Amino acid sequence: MDVIASIQEYINKILTNIQGMKVLVLDKETAGIVSMVYTQSEILQKEVFLFEKIENTKEKMLHMKGVYFIRPTQENIQSICDELKDPKFNKYHLFFTNTISKVSLDEIAKADEQDVVSEIQEYFGDFFAVNPDTFTLNLPGMLTKKSPRWQSDVGRVVDGLFSSLLALKKKPVIRYSSNSDATRYLAEKITERMNRDRDLFDFRRQGEPLLLILDRKDDPITPLLHQWTYQAMIHELLTINNNRVSLSKAPGIKDELKEVVLSLDHDIFYKENLYKNFGDLGASIKDLVDQYQDKMNTNQNIQTIDDMKKFIENFPNFQKFSTTVSKHVSLMDELNRLISLDNIMEVSEVQQELACNHDHNSIYNHVLEIVNDSKYTDRDKLVLVLLYSIRYEDGRVWELKEKLSSIGIPPKEIGLIDTLRGYAGASLREGDLLGTKNIFSFARSVVKRGLQGVSNIYTQHKPLLHDILDSILKNKLKETSYPYLSTTQSRERPQDVIIFMVGGITYEEALTVYTFNSLNTGVCRVVLGGTSILNREQFLDDLSSTQVSNPSSRR
């Protein structure tokens, strides 16, 4: 189960099966989907003469084939039909990222009066592959069914999740979070689509896969925490958008480094250090710079024609290596600057204490110290109180709200504390987020911390997903908490699991899945997907746009 390989396979099949020079036509979403798994230069090597956006006016190139990889939206169908009245290419090869309706097929057939459409195929690449075991739909603002974005884009969520099942060639049983109307709704819609298009799911059976649909509200803590592994830190402090990171705000940054690309397939350093923590990253960067200096010294020692020949042969690789070094040194430099500027390490220590420990008086005093100290950012102060309000709903939240008000935090931002409780309060959550519902699990966590100590105080926290995966591995995921949608229930532990989270996932959860897969090779494989990939700012933006109903009501 590899989502990057699935999309690559589709694109490769499209471009290699169509011989001769061609123009690749994409829409806004498929341009991003393709760019995350292939570089432009790789695609150009497959006899692609030009890239075009479907919405752009195209020149006539009747000596070319038009290869379209697009979503089957009404807007795209209309664009194709309009173009077929005056074709720009000698042949049209149409590949849709999802199922296309009979009505749309009829529209295209009717428009194709000059008989230029060679083929119409469905290739299910309707999602953004981030890591081999992680994908997103790039749909922020989907925290609840009442979110404006949900109302307009829930069909896109169904399309994306449905497509991921077909790309991975899995026909799963479906479970969902019992305290969430949003996850049940999605489970029902996916089941409807699977029944309607059952012929597409005629795969060779290897056990019964599981699709588990979760709700972000069950773990509102994880997206609020500062992160300390490379990929997660970059997204938290700089934001990763379709593998691209902006460094434009970094002081003195060179023009060529104002936007950098992070690709697992084309950046070995990134791939090898994706999940390393901040402390280990320093050593990795030093090794990278040392290697670069060695290569520089070797290149400077050119004395013979043979040396010159070797230098010219190796120059493209050296240039690529030089770019990699510059990129990661710049990224680490900017991360260091931001961490130091905002005193993030001190804040993170208190965040971890809030997320993992149970000593109320000590925690309250630490939160109060940071709220009262002007060297910390207002955003960090607000987030600490948000975390406190989740950990201690009946604690001294009112006093902390008053304190935030007294230091000038706007009322709208302080209102997020009540919004968060209305969205993800204890009575609305499924699962044991704080480890307090089960006295045995509470005791185990305390003893474990006592025996092992804390090797890294900044990464003590484990997302709720960690416990869910552990329960799946032991075949003990509670049916009362995560019921099956259908009456036919699998009693065996699934070998393949697709977890999809409504409201968005985090890179900390991606790390949790990566670690789980590494430890359980050949036993159980997991792919994680979500409506979006959250960092703290995105989660707070989504929260602020949420209209919360009565806190006691189910969603």
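Two strands pair if DSSP finds at least two bridges between them. Strands are DSSP runs of E with at least two residues, and helices are H or I runs of at least four, numbered from the N terminus.

## Basis

This is a predicted model: local features need pLDDT of at least 70, side-chain atom pairs count only at pLDDT 80 or more, and totals for chains, interfaces and linings use all residues. Residues are numbered from 1 along each chain as its sequence is written, and side-chain values use heavy atoms, without hydrogens and water.

## The six-stranded sheet

An open sheet is built from six strands, ordered S6-S7-S14-S13-S9-S8, with mixed pairing. S6 (128–131) and S8 (173–176) are the edge strands; each has a single partner strand, so one side of each lacks a neighbour in the sheet. From one strand to the next, the twist averages 25 degrees.

S6 and S7 (residues 134–136) run antiparallel, joined by three bridges. Ala129 stands opposite Phe135 in S7. Helix H1 (residues 3–17) packs on this sheet and touches S6, S7 and S14 (525–530). Contact means heavy atoms within 4.5 Å. The direction of H1 makes about 135 degrees with that of S6. Axes are lines fitted to C-alpha atoms, for helices over the stretch in contact, and angles run from 0 to 180 degrees between N-to-C directions.

## Strand S4 and its partners

S4 (residues 89–96) has six of its eight residues buried, meaning under 20% relative accessible area with a 1.4 Å probe, protein chains only. S3 (residues 61–70) runs parallel to S4 over seven bridges. Lys65 has Lys91 in S4 as its bridge partner.

S4 also pairs with S5 (residues 117–122), in the parallel sense, over five bridges. Tyr92 stands opposite Val117 in S5.

Key: Buried means under 20% relative accessible area, exposed over 50%, partly exposed in between (1.4 Å probe, protein chains only).
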